[in-house]
Amino acid sequence: MRTTADILQHYESIRSDQESFYRDLHEHPELSHQEERTADGVSKRLSAWGFTVHTGIGGTGVVGVLQNGEGSTVLLRADMDALPIREATGADYASTVEAVASDGTSTPVMHACGHDVHVACLLGAARLLAEHRDAWQGTVIALFQPAEETGDGARGMLTDGLAAQIPNPDVALAQHVLPGRSGTVGTRMGPVLSSADSVRITVYGRGGHGSMPQNTVDPVVLAALIVVRLQTIVSREVAPTDPAVLTVGSIRAGAKSNIIPDDAVLELNLRTYTEATRTQMLAAIERTVRGECIASGSPKEPEIEIYDSFPLTENDESVTARVADAFSAHFGDHAGELDLQTASEDFSDVPRALGIPYTYWGSSLPQARGWAGRGIERVRR
Ligand code: ZN
């Protein structure tokens, strides 16, 4: 029987392989739903280590299953996609990749959210588990998910029959790199990442010449009033003890200074930590928009469309306690509590659909660029 110390010594010997694979991934980032090269590299390695590999799940998703006798079945998840951002780090393995986005435009691509780190970490764990089967028992499922950034990669794997291709896990674990003190890990019980929803609202006026506003219903003024009124949802309707965010990130109307347009389009993003608050805020947004349209004499009902929804990530208490204890035992004072994050993730779609508990933790590595990429991505959209 090998000891943990033996396994860690072995880890030192695979470290350079792992790092060169990480650098290769970083240099060759792929956009959401386009992770073919990454998935290929992952599946070849898993196969070589003796995993039963399923590819092409939900597009480019890969799952490796390693059965090793009686015991628990544990699902470990990493996401694989990169962001439409030009890299400016100056690293000698920086990305110069350009790709065609889903809207047909060409864009630079960068692993700015650290999913290359996640893939390299999970492969490292998979290899250690495969090469030390005498040190554990049970089944490990290594799940490499596409399209986390677009929020539909986990759902895509589920609707493509993920559950039928794997033994039902007892627990699911995932991590994200975050900005923070290098070499630390943090766990958190209960809500850890917010749910997120984007909302597109089209309001209708009656266009006309800017010199004769009396003959029009001005959708620019209507949209402006909606923006102001929406600010009262978090400040006046949500309890101060319940964190929530509502941002109007885009407002578009008209093309010329002296023409009153026919309509205006607003795009909102909200973040919440309970389903009740999410439902409450979505209802308040709809009520506010419809009310302002009536007040302005809008000639047509507004259109309200919810898109890019991410689920709430809410860590199971007993699973999180067990992982936190293991981290403390191994990492000592480099393990601690993770702050509540206002970012969002679709990882929990998988354990929620499979009916199993999960935990999601944050780690800070020297290469980590944390959530900055997500912020940039939102601006770009
Ligand atoms: Zn990410």
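User: Which way do the residues of S8 point?
Analyst: Thr184 and Gly186 point one way from strand S8 (residues 184–187), while Val185 and Thr187 point the other way. All are buried. Buried means under 20% relative accessible area, exposed means over 50%, and partly exposed is in between, with a 1.4 Å probe and protein chains only. In general, side chains in a regular strand alternate between the two faces of the sheet.

User: What sort of model is this, and how are residues numbered?
Analyst: It is a predicted model, with local features needing pLDDT of at least 70 and side-chain atom pairs counting only at pLDDT 80 or more, while totals for chains, interfaces and linings use all residues. Residues are numbered from 1 along each chain as its sequence is written, and side-chain values use heavy atoms, with hydrogens and water left out.

User: Back to S8. Which strands does S8 pair with?
Analyst: S8 pairs with strand S18 (residues 358–364) in the antiparallel sense, over three bridges. S8 also pairs with strand S17 (residues 335–337), in the parallel sense and over three bridges. Two strands pair if DSSP finds at least two bridges between them. Strands here are DSSP runs of E with at least two residues, helices are runs of H or I with at least four, and both are numbered from the N terminus.

User: What is the strand order of the whole sheet?
Analyst: S1-S2-S6-S3-S7-S18-S8-S17, eight strands in an open sheet with mixed pairing. Strand S1 (52–57) and S17 are the edge strands, each pairing on one side only. Neighbouring strands are turned by 25° against each other on average, direction ignored. Axes are lines fitted to C-alpha atoms, for helices over the stretch in contact, and angles run from 0 to 180 degrees between N-to-C directions.

User: How does S7 pair with S18?
Analyst: Strand S7 (residues 171–177) and S18 are parallel, over six bridges. Leu173 has Thr359 of S18 as its bridge partner.

User: New topic. Which residues hold the zinc ion?
Analyst: Cys113 (SG), His115 (NE2) and His176 (NE2) coordinate the zinc ion, at 2.1 to 2.4 Å. The donor residues are spaced C-x1-H-x60-H in sequence. Donors are N, O and S atoms within 2.8 Å of the metal (3.2 Å for Na, K and Ca), and water is not among the atoms, so sites may look incomplete.

User: Are Cys113 and His115 buried or exposed?
Analyst: Cys113 counts as buried because its relative accessibility is 2%. His115 is buried too, at 0%.

User: What about His111: where does it lie, and what does it touch?
Analyst: His111 is in the loop between strand S5 (106–108) and helix H3 (115–131). His111 is buried, at 3% relative accessibility. Its contacts are Leu25, His26, Pro29, Met80, Asp81, Ala82 and Asp116, leaving out residues up to four places away in sequence.

User: How do H6 and H7 cross?
Analyst: The axes of helix H6 (residues 219–237) and helix H7 (residues 275–296) come within 10 Å and cross at roughly 145°. The crossing is right-handed. That term applies if the near helix is turned clockwise from the far one by less than a right angle; anticlockwise is left-handed.

User: Which residues make that contact?
Analyst: Among them are Leu222, Leu225 and Ile226 of H6, and Gln280, Met281 and Ala284 of H7. By class the contact has eleven nonpolar, three polar and four charged residues. Ala, Val, Leu, Ile, Met, Phe, Trp, Tyr, Cys and Pro count as nonpolar, Asp, Glu, Lys and Arg as charged, and the others, Gly among them, as polar.

User: Which residues other than glycine have a positive phi?
Analyst: Ala147 is one of them, with phi near 50°. Ala147 lies in the loop between S6 and helix H4 (153–159), and is buried at 0%. Asp308 has phi near 45°. Asp308 is in strand S15 (residues 303–310) and counts as partly exposed, at 22%.

Methods:
Contact = heavy atoms within 4.5 Å.
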